[in-house]
Each structure stands twice: as structure tokens, then as C-alpha cells.
Amino acid sequence: MDLLGQILSGFAVAAQPENLLFLLIGTLLGTIIGLLPGLGPVSGISLLIPLTFGLPPISALIMFAGIYYGAAYGNTIAAVLINTPGTASSVMTTLDGYPMAQKGRAGAALVIAAIASFVSGTISVVALTLLALPLTTFALRFGPPEYFALMVFAMTSVAALSGQSVAKGAIATLLGLMMTTIGIDLQTGQPRFTMGLPNLLDGVSFLVQVVGMFAVAEVLINIEKMMTGQAKPIRLEGPLWCTREELRRSVMPIARGGIIGFFVGVLPGTGQTIATILSYATEKRLSKNPEEFGKGAVEGLAGPESANNAATSGSFVPLLTLGVPGSATTAVLLGAFILYGIQPGPQLFQNQPELVWGLINSMYIGNIMLLILNIPLVGLFARIVYLPQGVLMALILTIASVSIYAINGSVFDLYMLLVFGLVGYAFRKLDIPIAPYILAVVLGGMLEQSFRQAITISDGGLGIFFASGVCVVLWVFSALSIAWSIVIQRRSGTEKALL
Amino acid sequence: MAHTGYLTTLSTALLVGGMIVGSAPVLAQWKPTRNVEFIVPLAAGGGTDVTVRHLQAMFQKHKLIPTTMSVVNKPGAASAIGYAYMNQRRGDGHYVSIGMAPLYINALTGKHPLTYKDVTLICNLYAEYTVLYVREASPIKSGKDLAERLRKDPKSVSFGLTALGAGHHLSIAKLATELNQDPRDLRVVVFNSAGEAATAVRGGHIDALVGSAAGTVAQLQAGGIRVLGIAAPKRLEHGALAEIPTWREQGYNVVTVNWRGIVGPAGMSKEQIAYWEDTFERLTKTPEWKALLEKNGWSETFQRSEEFAQFVRDVEAEDSTLLRKLGLIK
């Protein structure tokens, strides 16, 4: 059977009533799981695996994949409405999504995010359909030195995230980098900076830091505003849904985010998060009004949302073609593959085309389902921000604590949540940007480890960092990125804001 | 409504009573009377976590215990947090967990003082043997080829793995000592996840990957890799790894076992231990369990409590020698 015939027969598989039902269940569960920051798709899928015994493998896999990309939709809702990103890859969504909600455009933010996710989700599945096999070799070009160069390139985006003061951005970045050194060091197996606390051996949980610094800090700031009488009730501004203007401004960011997301998402490790960071930095740099970013620029929401969803499809490339999981979620999916007796790899496309294409094509349908599920709910969800502040803040604090406790059932994590809430409050009062800190926390571990991995391989030589074409290209990108930031800084005449 | 509830309770009681009378084994007088908590000292979603969730499904399907069972993840501190949590329920048979090498390696390497002596060893369950592979285009053709290269220069091959001092690392350390080389000279690159290490070996960034059987099964069928050896005492009997020669076959006495057993909180009674020994033995007879072993390339190693304790002491003695040679014990 030719490729086109195989792809079409995949649609027939995906459209079977039973599979449609499991797809619906998966996308619904995914949205709900994504809404609660602690409940990621990883725990959702691993809880369900034993329950799917006896189901046809394709139905179960379609459902699991639905949970995976459905969670991205749910994450967005929590990020936009209550400033609580549930995963590293939705941190960028909060930067402009939450200010949009504060400006009374919560409905528009959710609609734009859903459209961005749908468009890029669909386009990237097309890319997955066409490019899965050729892209496999692309992912393999990335070894430790290439990862180090990629991390450096991503770090150059810090300037774009830093707001007015470069010095304050640098402070936040360095604090974040320091934070990633806590815990057992991978290369030596020795604990570092754990102060003898066994709970710190695995480092400080990323989610605890994010939820603390975003959600809990937000609550503290609002309590202060209420006590000093500065609190203003949020009013709906303009139509509930997005305006034609907002939609028009989102078109290009969605397209660019989709491309960046898919290709970077193919890379195992932190591909998905890096994709959202690169997309955000790209949009800010291309924007005529970069000063709007961080204050509710719709481009800053549309780009990363699009990149996030496209990266989800991208992460299926190494999983399907090599049996290599690129993220925690795809690792669980690989486990499910093995248990169903399905062996991923290039020959999977030949041996079981109806399974591969059934799974891939179900994602087209799944994305449509998510759009239909999410758009009508916008009206309902968007009203959350118009709740009286006293009720809303209590709600945020409850959701934040419950979901952090749900991750590991650890009371220690709850104390840490409070600590990071205070840290986030201090950042806000001192006007230190939180985004560079979070970026450093996400990238810092890999930045350090990939450097040391490369050095081990080269026996101490630094030449390894320039030995491959990929490395050289990434260094050039990094240099351009820094140069661009300097030019923009000059042009907007903010040198004096260096301090 | 109240009447039906009462009747159900009554009939359950009669049924349970009948079962006790009907099939009373000599020792198993204890049995769980409420929900059993299966503690996974690792995060949700990992290989071992998924295994435990399968065990849970088998328990429910074959009604191996009279009550329900829930799986609880308590990760952290190289599994020590989970065991410490379990030990808060001293002598309570309603808590079990999966026992692994951190139960002695943590104490040896100074990460956490909790050891297998602080918990109740119930039974050994299965073993996963370490597998070593290279990419297909690699100049290293066989286990012997690899060994000869290491004999000449232990730094000539780079190995990717996911944790220092764990079973995978110990297997190459053992190979090095077999070749009269200092295992500290090996070029070891530690990766954050098996997926990242696999990508690096396939892309030719590192030479070889030392990893788990289950992960390698998927890789092997995807193609493009060559498995050089498995650190098992004898060839696996079934599954994709049955074709892989052991290190012993190739002339090197390298056996490292990543064992998985069942443990309970300290102070469990003889009756409780006997109950769980019997229950897990029945589990190992189910077709689902056999299928799980085969798919993941695992070997069944069921041992009852006393034998299991001896086994753990033996591997601890052997591994501590290696860890000392690696300089990981201060």
C-alpha cells in the first residue's frame, strides 16, 4: 500500500466510533488534568495504563495521546486565569496571558490560546505526517556539546525577558542558576548544598518554585492591595471573545511559533520549554511595540501557545521512529507501547501502518474536539477572574496547595511553596523580573550537565564545542541574538536603565 | 437501603469466613482488613512505577487480596523518603513497598542512613539485568572487542548511563576489574534520562550505553543498535534479549542484577510476612505476570523472606567492594 493510502486508512481507524469515544475521554481528561497544576499528564497516563488492559492497543494509545495534548489546553486556562503554570512549557503563557486577563481580556486570551493551539496542533501533525522519518536524523545530531550550545542560545533570550533593567534580569538569572545546583550532582553522584536535608537531595521541585513565585506571590500582592485599598475590581473590557484586531495580530506569531515549536520539540529533553522561550523572544524582537510585552501583548501569548502545542507533536518523532522518549510524558507512552507489544521504530511505519497513522490522524480529530470543548467553556472560565477578590485569592491558594501536595504527597513541598511565595513577593516588590529566574531554573541543570558531559567526552578539550556544524550555527545564533538585544536597547534609549 | 447494606456486609462476612475455613494455610492467619497501600518510592510514570500499577491491576483482577489496594508515590532522596514514610506505620501489614538497591547503596555512599535492616524484607520478585549496546555503525563489534579496547586503554570508550554507583555503572566497573583495570579510569558520562543517553549513543556522541533490559528491548526492535552483552548469570529464556550473549559466555565474569523485591515497614509479624509471601507467590503464577516479565526482558527471582535477606546481604557485600574501588564510598 502506498503512503497516501496508508495515511487515509489511518483516518478510517481514528474515525471508528469506539476510537472516537476514547479520544473524547482522553481530551476531556487531559483538559481537566491540565487545569490542576500538580496533576500532569505523566501521572494521569500512568494511573490509567493498568485500567486499559483488554482494550485494543490503538484505542488506549489514542486516549493517552489525547490526554497529553489535551493537558496543554488545560494548562493554558490555569496560566491565564490564575497565573499558575502547571508545566515549564506554560510559563511563557503567563507572561502576557495573565496581564491580558487582568486587563479584562481573559475571554480573548483563552480564545486566542485555543485557536493558536488548534492551528499549530493541526499544522504540526501535518509536519509529523510528512517529516517524521527525515527528522529522526536531525534529533540525533544533538549530543552534549550541541545541547550546551542550544542552552546558551536559549539563555540569550534572557535579555528579552528582563524588562527594563538588564542588571535586575542578570540578578534573577544568576539566582535561578544557583538554585539548580542544589541536590545530587549527576556527574559525581554527590549531594550539593542540601544542608543535610534528605528532601533536598533531588533538588528544589520546579513546580513548587513556579507555583510559589507566580500564584502564591500574586495572592500576597493582592492581599496587600486590598489592605491598602488599591485593589480595583476587574471589569470585562470589550467583547468576551477576541476582537478582529487581536486575531489579526496573532496570525504571524502562531505561524512562527508553530514552526519553532515543531522543530525544537523534536529534541529530547527540554525541547518543549525551549520552544516556548524562543518563540516568546522572537515575537518580542519582531514586535514594533516590545514595551507592551509582559503587559498583555496578544503576540506574547499566541506565539508560545502555538509553539507549545507544535512541540507536543514534535516530541512524537523520536518516540515513534526511534523508541526514544523525549519527555517524561512520552516516556510513559513508550512504556505503554512496550506493554501492548508494539515496538516503535522505522519499521513500525511499515509493519503497523494502521496503528501509526491511526494514532497520528486521531490527533487531527482530537484538536478539533479540544477546540469545540474549549471555546464554549471560555465564557464560563473567564468569569472566574471577575469573582470577588477575597473569594478568588482563597481559591488560588487552595488550588496551588492541593496540587503541589498531590505531586509527591509531601508536606515539605508545602513549606517550600510558602517560602517561594515570599521569594516571589520580594521579587515583585523589588521589581526583579521572575521570568529570567524561571528560565534559568529550567535550563540551568542541562546547561551545566551538558557542558560537563561534553568535557568528559573530549577529555577536557574545548574544541568539542566547535566541532560540529550544529554547534557553529547555534553559536552564530547566540551572537546574533545578543547583538540584536543591544541594538534594540540602544534604539529605545534605555541604556540609562542598565542600573 | 440500610437493610441491603447490612445484608451485603453479612454475606461478605460469611463468604470471607467460608474462605478462611475452606483454605486455611498453616501460617496465614493474618490478612488485610482494610485498603492496602502500595508505596512507590519513585515518581509516577517511571518504569518501576508502571510495574507496580500493573501489579495492582493483577491483584484486583485475580482477587489476590480480600481488600482494595492503592498505589501511592512518595519519591525523593534516592527512594529514602518513600521507605521512611512506610516505616511510620511500624508493624502494620497494610503497607508494602518495592525494595531496590538504594536500600543499601544510599547508606554506603552517604546519601541516607536508611537500609534494608530498617525495613521488613518480604520476598524477592524479579531481576532486570544490565545490557550494553553500541550503535550499528560503531567499530566495536562484540563484547570481546570492547573488552580488548578497555584492556589496552580504559579511557578509549565513552559510556553513557543514568546514575553513578547504580547497577548499570557497577556492571562496567566489574568488567574493568575483570580486565585488571582501575574502574575509576572509565570514561563515564551521566545523563538525566535514558532517552537522552540513547539519543547520544545513536548519534555517535558517545560510544556505548549501559542500560536497562526493558529500555533496550524497544531500542533493539527499532533497529540501528548492536547489543554487545547482558550481565545475566545465564541467557534469558524468552523475549527479544534471548539472543544476546551473556558476559560470562564471552569469558568475563560480569553479573549485575537490578533486583526488585517486596518490603514492608519494620516490625511486621511472622503471620503478616507469611501472608504476603504467599500472596506474591500466587501473583507470580498469573499469566499477566509472566507476560509482563517476557515483554520487559526480566527474570523471575521469587524468593521467600529468609532467602531474600541472604540474597540482599550477598549483593550488598559484592557491590560495596565495587563501590569502594570506584571511590564512591568515603
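Contact here means heavy atoms within 4.5 Å. With that set, let's start at the interface. One caution before the numbers: this is a predicted model.

So, chain B against chain A. On the B side, 45 residues are in contact with 49 residues of chain A. The two chains bury about 3,800 Å² between them. Of that area, 62% is on carbon and sulfur atoms. Who loses the most area on the chain B side? B:Lys111, B:Thr199 and B:His205. Together they make up 15% of what that side buries.

Now the polar part. Between chain B and chain A there are 8 residue pairs in polar contact, both partners at pLDDT 80 or more. The salt bridge count across the two chains is 1. That bridge joins A:Asp459 to B:Arg187, with the closest N and O atoms 3.6 Å apart. Which elements of chain B give two or more residues to this side? Helices H2, H7, H8 and H10 of chain B, plus strand E7. H8(B) gives the most, with 6 residues.

Stay with H8 of chain B, residues 213-222. This helix lies across E5, E8 and E9 of chain B, and it runs at about 150° to E9(B). Those strands belong to an open sheet. Five strands, in the order E7-E6-E8-E5-E9 of chain B, with mixed pairing. The edges are E7 (187-190) and E9 (225-230), each pairing on one side only. On average, neighbouring strands are turned by 30° against each other, direction ignored. Zoom in on E5(B) and E9(B). They run antiparallel, joined by 5 bridges. One pair to click on: B:Val134, whose bridge partner in E9(B) is B:Arg226.

Next, salt bridges over all chains. The structure holds 25. I'll show a few.

Take B:Glu277, in helix H9 (residues 270-283) of chain B. Buried or exposed? Buried, because its relative accessibility is 10% and the cut-off is under 20%. B:Glu277 forms a salt bridge with B:Arg304, closest N and O atoms 3.0 Å apart. This pair links distant parts of the chain, 27 residues apart, with B:Arg304 in the loop between strand E11 and helix H11 of chain B. B:Arg304 counts as partly exposed, at 31%. B:Glu277 also touches B:Ile122, B:Phe302 and B:Ser305.

Over to chain A. A:Glu245 and A:Arg248 meet at 3.2 Å, N to O. Both sit in helix H10 (residues 244-265) of chain A, 3 residues apart, about one turn. A:Glu245 is partly exposed at 41%, while A:Arg248 counts as exposed at 53%. There is a network too: salt bridges link A:Asp185, A:Arg192, A:Glu448 and A:Arg452.

Last stop, A:Thr312, in helix H12 (residues 298-314) of chain A. A:Thr312 is buried, at 3% relative accessible area. What does A:Thr312 touch, beyond residues up to four places away in sequence? A:Tyr68, A:Tyr69 and A:Gln272. With A:Gln272 there is a polar contact, side chain to side chain, at 3.1 Å. And A:Gly265 is 47 residues away in sequence, yet 6.6 Å from A:Thr312 in space, C-alpha to C-alpha.

That's the tour.

Terms used: Residues are numbered from 1 along each chain as its sequence is written. Chains are lettered from A and ligands numbered from 1 in the order in which they are written. This is a predicted model: local features need pLDDT of at least 70, side-chain atom pairs count only at pLDDT 80 or more; totals for chains, interfaces and linings use all residues. Side-chain values use heavy atoms; hydrogens and water are left out. Helices (H or I, at least four residues) and strands (E, at least two) are DSSP runs, numbered from the N terminus. Buried means under 20% relative accessible area, exposed over 50%, partly exposed in between (1.4 Å probe, protein chains only). A polar contact is a pair of N or O atoms within 3.5 Å; within protein, one must be able to donate a hydrogen and the other to accept it, and residues adjacent in sequence count only if both atoms are side-chain atoms. Two strands pair if DSSP finds at least two bridges between them. Axes are lines fitted to C-alpha atoms, for helices over the stretch in contact, and angles run from 0 to 180 degrees between N-to-C directions. Buried area is the accessible area (1.4 Å probe) that two parts lose on being put together, summed over both. A salt bridge is a side-chain nitrogen of Lys or Arg within 4 Å of a carboxyl oxygen of Asp or Glu.
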